[in-house]
Amino acid sequence: MNALNRRVLIVDSQEEDAAFLEGRLAGHGVEVVRVRQSAIGLAVAREQRPWLIVLDGDDPVTRSLSEQLRADPSLCEIPQVLLVKR
């Protein structure tokens with residue numbers, strides 16, 4: 001992974017939540033890629049090789065994506081953050 005890579009992948013089906021996160025990150029010079037579907041998120045992670053992946057921890061399908069990412073040898077070292085709203 002390139003040390004200069006400042007790309008973050010956000011996988012969240014809630015548009016408002018993803019937009020909020022994007023706004024916070026983009027203000028710090030981070031390139032944000034947003035997807036709403038977990039299946040697309042896996043493909044984008046493989047293609048884009050982000051520096052960080054932020055996932056909706058409230059969504060069981062997205063939590064499943066987290067497991068798939070950890071099981072994939074080419075993606076398992078990318079840090080993940082699962083956000084849970086309480």
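1. Contact here means heavy atoms within 4.5 Å. With that in hand, take V33, whose place is in strand β2. Leaving out residues up to four places away in sequence, V33 touches R7, V8, L9, I10, V44 and Q48. The model is a predicted one, and the points below describe that model.

2. V33 has a relative accessible area of 18%. Buried means under 20%, so V33 counts as buried. One of its contacts, L9, is 24 residues away along the chain, yet the C-alpha atoms of V33 and L9 are separated by 4.8 Å.

3. Next, the overall plan. The protein has three helices and four strands. Read from the N terminus, the elements run β-α-β-α-β-α-β. The radius of gyration is 12 Å, close to the 12 Å that the globule rule gives for 86 residues, so the protein is as compact as a globular protein of that length. The C-alpha trace spans about 30 × 30 × 20 Å along its principal axes.

4. The four strands form an open sheet in the order β2-β1-β3-β4, and their pairing is parallel. Strands β2 (31-35) and β4 (80-83) are the edge strands, each pairing on one side only. On average, neighbouring strands of the sheet are turned by 20° against each other, direction ignored. As a general point, strands of a sheet pair through backbone hydrogen bonds, either parallel or antiparallel.

5. One pair can be followed in detail. Strand β3, residues 52-56, pairs with β4 in the parallel sense over four bridges. In this pair D56 stands opposite L83 in β4.

6. Which strands does helix α1 touch? Helix α1 (residues 15-26) packs on the sheet and touches β1 (7-11), β2, β3 and β4. The direction of α1 makes about 170° with that of β2. Helix α2 (residues 38-48) lies across β1, β2 and β3, and runs at about 170° to β1.

7. The largest nonpolar core has 13 residues, and L9, I53 and L69 touch the most other members. Two or more residues come from each of β1, β2, α2, β3 and α3 (60-71). Helix α2 gives the most to this core, with three residues. In soluble globular proteins, nonpolar side chains tend to be buried together.

8. Not counting residues up to four places away in sequence, L9 touches V33, V35, G41, V44, A45, P50, L52, I53 and V54. There is also a second, separate core of eight residues, which includes A18, V30, V32 and L52.

9. Is S38 buried or exposed? S38 lies in helix α2. Its relative accessibility is 10%, and the limit for buried is under 20%, so S38 counts as buried. Apart from its neighbours within four places in sequence, S38 is in contact with V11, V61, T62 and L65.

10. Last, the totals for the protein. Buried residues make up 37% of the 86 residues. Among contacts between residues at least 6 apart in sequence, 66% join residues at least 24 apart. The pair V33 and L9, 24 residues apart along the chain, illustrates such a separation. The protein exposes about 5,300 Å², and carbon and sulfur atoms supply 53% of that area.

How values were computed: Residues numbered from 1 in each chain as written. Predicted model: local features only at pLDDT ≥ 70, side-chain atom pairs only at ≥ 80, totals over all residues. Heavy atoms only, no water. Pairing = 2+ DSSP bridges. Axes fitted to C-alpha atoms, helices over the stretch in contact; angles between N-to-C directions. Core = buried A, V, L, I, M, F, W, Y, C linked by side-chain atoms within 4.5 Å. Buried < 20%, exposed > 50% of the residue type's maximum accessible area, 1.4 Å probe, protein only. Rg over C-alpha atoms; globule rule 2.2 N^0.38 Å. Areas by Shrake-Rupley, 256 points an atom, 1.4 Å probe, with all protein chains shown as cover.
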